[in-house]
Structure formats: structure tokens, C-alpha cells
2 protein chains.
Amino acid sequence: MNEFDFVSFLQKQFPFPLGVGIGDDCSVVKQGQSYQLITKDILVEDVHFCLDYFSAAELAVKAVAVNVSDIVAMGGKPCYFYLGLGAPSYFMEHSLLDFFQGISNACQDWRLFLAGGDLSKSDKLFISITMIGETDRPVYRNNAKCGDLIAISGNPGESALALKLLQLDKSTISFSQKHKKLNLDIEKSNLIARYANAMIDVSDGLLIDLKRILDPSSKGAAIYYEKIPKTKEFVDICCQFQFNEQDLVLSGGEDYILLFTISAEHESKLRLLNVEFHIIGSINDHAGQLSVYNFQQQIQPTNLGFDHFLVNS
Amino acid sequence: MNEFDFVSFLQKQFPFPLGVGIGDDCSVVKQGQSYQLITKDILVEDVHFCLDYFSAAELAVKAVAVNVSDIVAMGGKPCYFYLGLGAPSYFMEHSLLDFFQGISNACQDWRLFLAGGDLSKSDKLFISITMIGETDRPVYRNNAKCGDLIAISGNPGESALALKLLQLDKSTISFSQKHKKLNLDIEKSNLIARYANAMIDVSDGLLIDLKRILDPSSKGAAIYYEKIPKTKEFVDICCQFQFNEQDLVLSGGEDYILLFTISAEHESKLRLLNVEFHIIGSINDHAGQLSVYNFQQQIQPTNLGFDHFLVNS
């Protein structure tokens, strides 16, 4: 069983009659005139991060940010959150104030409030945040339309490349931020959400996250690799260290850029608002088919991206 | 710094202008005519439980139950929840379906819905649940009144005793349930909530949890040990294994019974509803003072209860 089968099993086992439950970035429950969005993301030491290259404060900011990313990926504004923290004794003694300074900075940056939580000892550090947001118009994953353009709001692969350099201790401080710090722009994301048909944030890799739009929408897609934006610096570093650029771009995780589908008409309207985004493909009716081309040559990606459920991934 | 100082630091650092935030069983945010309650409780392997004596399904039920307990301790009805699960490979491969069967059973028992979550690999198992509930009248910890009676809804110490027996491999299956299974009665709890002034669920020990009512209420209390209910079985087992009965009753954790303060007038009204509870003391104006008597002799408890923040606790 992989993550897709598992989510499908959970959706059958746990229907949610009060709104939209398992299977999107957030759950959605109508409240008065608007919708409450709730998301939960966990970060685990040595799975999602390593304390060798993350300070406690940087980690706190990232843990909040990945949840903000889920809220904006549904077209919402994040409001407040709950923090579950499991921490070893040395972290409790030496890093807790630094950690909460990071939480405090994140609250200021994104106008959020910490509303509660729970703290426990734990052999390894883990951070479990539940965030509450709201929106007038939730953007779901399952609403991609045939003929929609596929767009991204930034450059995929950069976070995964920065991580590789951090692990080799070869990163510059400035490039390492591409892994450590999320480049979130709530206003820009909310503008995109007004026009997008389906949307997700790229957390586990461009292709696996695109599949999370295609499958519930019962659609297929064609992606044009040459249209995916890459900086010269990115291409040069891949070349210098002989990293597989294509793998990083298509399957590298943790970019937290927005991946969305949009009609041609809405694309023009969004362009007029000076929002930067890149068209990288299109949605078609071949449900389950995801084809990737590079200058009209079809290419076969070696893997889709990170699957938490596969024991060996 | 202990847990009390830490919570006080967090309350100053993280004010919550949208309602009641850090420092009670749940956060409280007004929504239309009622209040939304949100709580987050985490359970960590080898801190809160041990897989030697918990099946995956039992653990799932308990993880849901401790959050239900927080909601009812504020006078609420639990509605739905989010599950963060960190699990080792062997658990993913062999115990995940059993675990979700437990989640499913808990949903049926308490009419709850699982609305979302996140899953990750982790060296040790941890479960982080965030639960959403609602109430028309939240009952806070900080509202104990001078002259209030102090009451409990069950027998404290039994869970801690059952845990000791489990750890020695001396428990009967039936007695082990006192640790493994919470005896939750949402209807009874909601009746109590109608009349209580202040309330908490006993999770870390009777005295430490009473202190969590006294400190924010700026009150003191006198507790009469002889009035605390204990079964003959409980007393006999303590005697047989030479366990310190008083420590278990006053400081044993995880009973998840309700500890509340109530006016004499409301106590009579609650009695008329055939709700079983026990008066064990009274609230006074000596802020910060918690005195415990046994047949008029003052006794000095050796410790208050479990403090997650004390590194050596």
C-alpha cells in the first residue's frame, strides 16, 4: 500500500459529513458566511530536518510556515494555531527559549496567534502544529478542468538542492535559506486563489503533488520540462556537483510554491494583476496519465517524489 | 523553571485577542451563539505509554479519549479531530490497520469524526491529536469562588495503581482497564458543567491539577483526604504491594475524572439530578495555599504530580 491507497482507504473509513475532510491540504467546514480551514503538519527530527543545520528558531519558523502554506494553498488566510512539541532534555534546557522566539517571529511575520498546545519529553524532537484559517472561497485539489493550464508560483527543486548542499556542508548561507526558509507571500497566494480551479502547495515534489490534483479530479496532464523555471545558479550548481537536475525539479520536495490549474481566461486576468507565475503544462481528460516532455521528447521521471507511507522511501 | 512558570511565560509572550488561549484545557473562541473549543494532547511512546501493554487499537482509543476529556472538562461536546501520527516502520507495516480500527471505534463510541491529519515516519511512536468541540457555556479553570466546594467525579489514583501493576506484570485484565481505558461519560460531564464554577480533568495528579484551578483563580484550598473515595480493592492492592496509597491518590496521574468547584446551592441542585460525585474539600481566600488533612491532621504530600517540564520528573 502506498500513500495514495492509504488516503483512499481513510476517506472510505472516515467520511466527514460536516464538510470536506481527509484528502486536501486542509479540512473545510462552513461557518456563517465563510469557511473554516484546518490543517495539521508534523515535522520529525531526522525525517524532515536535522539539528546539524537548523537552529531551534529557524525550525520553529519553518514548522509554522509549512502550515501557513497549507492554508494559503486552499485560498485561505491563516489565523491561529496549536503547537504540540516533543523534545529531548537537552533541547528543553538549552533551546526552548530560542524555539519560542522563532514561534514569536513567525506570529509577527504572518499576523498569527498561538492559541494552545501540549509539551512532552521525547527522545527525538518533533513538532506537530494544527492551524486554523478562513476563506470565502476554498480552492480544492479535485477541481481541475479539462483544458486548464498548469501553473507554478516559483522554482521547484531549489529547496531539495539547498538540502543536498547542506548535507554535504557545501552550501552558502544565502542558498541554504532556499531550504530552511519558506518564501511565503499570503497576499499573492490569495490573489492566485481567486482565479485558480485547483491548487496545492508543492511539499513532496512537483509530480507527486500534481498527481494529488489529477487523481481526485479524474484528469490527466502534460508537463513541459523546458517551461519550468530554473535559475542559472540552480543549473550551474547541479552541473558542478553532478546532481540530476531533472530529478530535483520534478521530484524534489519542500518548495512550498503553489501548483495550480487555471482557465486560459482567468490566466489573462491574473497576469493583469502583476502576479508572477509560470505555465508549465495543461490538464487533459486522460485520467491517471501524467506525461512529461522536454522539447517535445517524452521523458520518464525516475520517481514521483517523497511518499511518507512507503516504508523504504 | 517548572511547568507553571513556563505556562505563565507563554501566556505573556503569546496573548490571544480572539478568545481564551494558553492556560486552560482548551482554547475558547466565540462563534455565533456558541463557543468553539479546541484542545491538543500528545502521547509519546515510553513517556505516556509503553507498547508492551498497549495494543495499537487500545492506544488509538486512549489518544482520542484524552482529548475528549479536555473538551468535556470545559463543558463541551467533542465534534471532530485531526490526527498527527509518527510511527516506526514495524508499526506502519503491522499495526496501522489495528490502530485505525481503534480510531474508528472511538469515533463510534463518542460520535466523532476524523477530519484530517498527517503521517510521518518516526523512531518512536507518537500521537498528536487536535480536537474541536463546542459549548454554550465554557467552564474555565480560573473561576473558583471563595466558599466553593471541591468535588471529583470518580476515584483518583486508580489509573496510576493499574499502571504500576502493568509495569510489574501483576495486573488482572479487568484492573488494567483502569489505566488503559478512560471512563468517559459525556452526558454526565455536561450536566456537571452546567453547575460548576471551575473545572479541569485530572490528568497529571489530583493536587497538581487542583493547583491549576487555584493559581489562575487566586484562591487556596483545603482537601480532606478521608473524603476522597477509594474502593476496598484499591486499598487492599496498595497494602498487598506496599505502594504508598496517599501518593497514588493525591499525585497519581491519568485518571481523567473531573475535578470541579461548585457553590453549595448548585451542589444540592446537581445531587437532585442523580449525578454521582464526591465533595473532598473547599476553596478559601488564601491564594497559593493548598492544605491537605487526613482526619484533621495536616499531611505533607511528597510531590504534587507529573510535571512534563521538569527535566528530571
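Guide: Let's begin at strand S12 of chain A (residues 297-299), which is joined by 3 bridges to S11(A), the two running antiparallel. Strands here are DSSP runs of E at least two residues long, helices are runs of H or I of at least four, and both are numbered from the N terminus. Two strands count as paired if DSSP finds at least two bridges between them. Before we go further: this is a predicted model, where local features need pLDDT of at least 70 and side-chain atom pairs count only at pLDDT 80 or more, while totals for chains, interfaces and linings use all residues. Residues are numbered from 1 along each chain as its sequence is written, chains are lettered from A and ligands numbered from 1 in the order written, and side-chain values use heavy atoms, leaving out hydrogens and water.

Back to our hairpin. S11(A) and S12(A) have 2 residues between them, and in that turn A:Phe295 has a positive phi of about 45°. A:Tyr293 sits opposite A:Gln298 in S12(A). A:Tyr293, in S11(A), also has A:Tyr224 standing opposite.

Strand S1 (residues 27-31) is tied to strand S2 (residues 34-44) by 5 bridges, and they run antiparallel. A:Val28 faces A:Leu37 in S2(A). This hairpin also has 2 residues between its strands, and A:Gly32 takes a positive phi near 65°.

A:Asp46 forms one with A:Lys124, their closest N and O atoms being 2.8 Å apart. The two residues lie 78 residues apart: A:Asp46 is in the loop between S2 and helix H2 (56-72), A:Lys124 in the loop between strand S4 (113-121) and strand S5 (126-135). Over all chains, the structure holds 26 salt bridges.

Now for the partner chain. Between chain B and chain A the count is 2 salt bridges. In one salt bridge, the side chains of A:Asp123 and B:Lys124 come together at 3.0 Å, N to O. On the side of chain B that touches chain A, S4(B) gives the largest share, 9 residues.

How many residues of chain B are in contact with chain A? It's 59 residues of chain B against 59 of chain A, with contact meaning heavy atoms within 4.5 Å. Together they bury about 4900 Å², 70% of it on carbon and sulfur atoms; buried area is the accessible area (1.4 Å probe) that two parts lose on being put together, summed over both. In chain B, the residues losing the most area to chain A are B:Phe14, B:Lys40 and B:Lys121, together 14% of what that side buries.

Notes. Salt bridge = Lys/Arg side-chain N within 4 Å of Asp/Glu carboxyl O.
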